[in-house]
Amino acid sequence: MRERLITRFRELPIVIALAALLSAIMASPASAAGGAVPTLVQDMGAALLFAGGIAVIFARLKIPSIAAFILAGVFLGPQGFHMITDPANVDTIAQIGFVLLLFVIGLEINLRSLFSGGRLILLVGLAQYPITLLFGMLFAKLVIYMGFGGVLDDTPLGPLYLGIAIAGSSSLLVVKLFQEHFQLDTQPGRISLTILIFQDIWAIIVTLIQPAFDSPDIKAIGFSFLGIGILVVIAVFLSRTIVDRAFSWIAKMPELILLGAMSWCFAMVAIGTNIDTFTKMFGFNWHMTVSSGMAALIAGATIASSPYSTEIVTKVGLVKDFFITLFFVGLGIALPAINGWSGPLTALGIAFLAVLARQLVFFPMLYFAGVDQRNAQVSSIRLAQISEFGLVIAYLGLSFGHISKDLSSAIILAFVFTAVMTTPLFEGAYRIHEIMQGFLNRIGFKEPEETVEEESDEVELAILGIHRDASSFVTELAKTHPHLIAKTTVVDFNVAIHDRIRGMGVKVKYGDISNEESLIHAGVNRAKIIVCTISDDLLRGITNRDLVRLLRHLNPEATIISNAIQMQGWRDLKEAGADIVYMSRLEVAKSLVRAVVLADEDRAEEFVDEQYATVSEARLRREIMD
């Protein structure tokens, strides 16, 4: 009975949302107007009501909220219940969301993260977007040539917009999932983040030259870039001389940080969109106007290194989420009626092509850049969706008359289809790779060969997997007990760091630590001590408890050291056969307690001195992972 009550209580938000939606449907626009409610307030209220109600239901079904916002727009628009009195109201607010979205993207551009993946990954990030765009264009041209073009053949620019649509992946969806699964710091996470940053940069460049798609003019495009250059110079000068000082004045008044950030953003938008007005005063007009989105991006990027950028991102992000919701609702409102099956079938075709491009373009590029088969495949699968920037570009393309309403609708529907697939593809990426592994090996994308350790080679210490903790452990071991390093073997599938591991004087074997044969080939069954520092939230295909059981079966005499996240995990690992179980949180707790006690005794300087010495020494040491 208690469980049933709890279940019903959890379902209560859905019931409330459904009731609210039914009430909204039954209320006519005329009655709302009779209450003297301004149409702007009425339209915004309806948009937020439907978007919020459907988002609650979609959250329960684990469907991305962006799909809910678009569906809300369909219900509200001319294809639904006609509840929006003036679509321009929602569109106006949505444009503010678009500006703030680019402002926040500018604030979060981290060049250090961008260059941390290595030169080959940078090259992949730079080349992936145009190559995928070309792949999509050629596929569309082939389909048109075969007589199956449909909406792609409505305008000459249809193939180009199809290529653009499949070239990018969704930063909003992918980064959110990596954060929720605590995997942003894994190799697939870092690879995906690098590619997403480059995709966003390419998308911004596309929006810059998009107005000239139908009549390319090199001179006009050159003047557009000149306008951007001028605005960058102005923004950098003002941010260094005025803006930084202004933020220092209001730093102690957090309520003004948001206002200051918004003021800076829209000041740059005002300057960028009025460059031509200024130049006309001097008798010439070179058409150097900078779009509002690009101006907002420049505004964010020029203060990204400010000490107040984190606070700005936090506060502006909340406001941006409100406006961007209305942006996606507006896309749903603008969707034309779907007549027959041609529209949904075209959308399914675009979605399938986006997934296919990840296997035919993304995966080979990553593999030949030196990423092992597993991580290259997992990263490609997790990027298998259409970008929200693709929706923006399709939206602008429709307003420019470059594409038809039917193609624009198909791209939006394709985004919804791929967005719905994102979570299952993300969570099942490793399983999908296991299914495809044999086929990939047969067609030439082989895993690095596992070299068998000679029986005569002594393996005193085996380390299973390398991440942050193991990286620091190996460095400390090499410094304090170098005699053990020559007898240490690391088993890890991330070939990108194998040379760094060998550079520490450690033997390294490629292999999946969840695979019994890989462990035997690496000599783990002969090791005296076995250590696994990879926590359960990073392990794939096995848990630490099952790994300890496997290790105890392979090597009954070894001393097994494992790690736990929760107290129950500690007990489970001991029962599974681990000799030593450590918990990082307890080690951190001891350090923090000591810091608090010393501070309470007015001896905080002792702890600070110790920490300073540790940090200073850490800056000089070179580890496997930074």
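Among contacts in the chain between residues at least 6 apart in sequence, what percentage join residues at least 24 apart? It's 75%, with contact meaning heavy atoms within 4.5 Å. This is a predicted model, where local features need pLDDT of at least 70 and side-chain atom pairs count only at pLDDT 80 or more, while totals for chains, interfaces and linings use all residues. Residues are numbered from 1 along each chain as its sequence is written, and side-chain values use heavy atoms, leaving out hydrogens and water.

**View 1. The whole chain.** There are 28 helices and six strands here, taken as DSSP runs (helices H or I, at least four residues; strands E, at least two) and numbered from the N terminus. Of the 626 residues, 48% count as buried, that is, under 20% relative accessible area with a 1.4 Å probe and protein chains only as cover (exposed is over 50%, partly exposed in between).

**View 2. Around I350 in the largest nonpolar core.** This core has 129 residues, and I350 is one of those touching the most other members, along with I70, F103, I312 and F328. A nonpolar core is a set of buried Ala, Val, Leu, Ile, Met, Phe, Trp, Tyr and Cys residues joined through side-chain atoms within 4.5 Å. Skipping neighbours within four places in sequence, I350 is in contact with L162, I166, I386, L407, A410, I411 and A414.

**View 3. L226 in its helix.** Look for L226 in helix α11, residues 218-250. L226 is partly exposed, at 37% relative accessible area.
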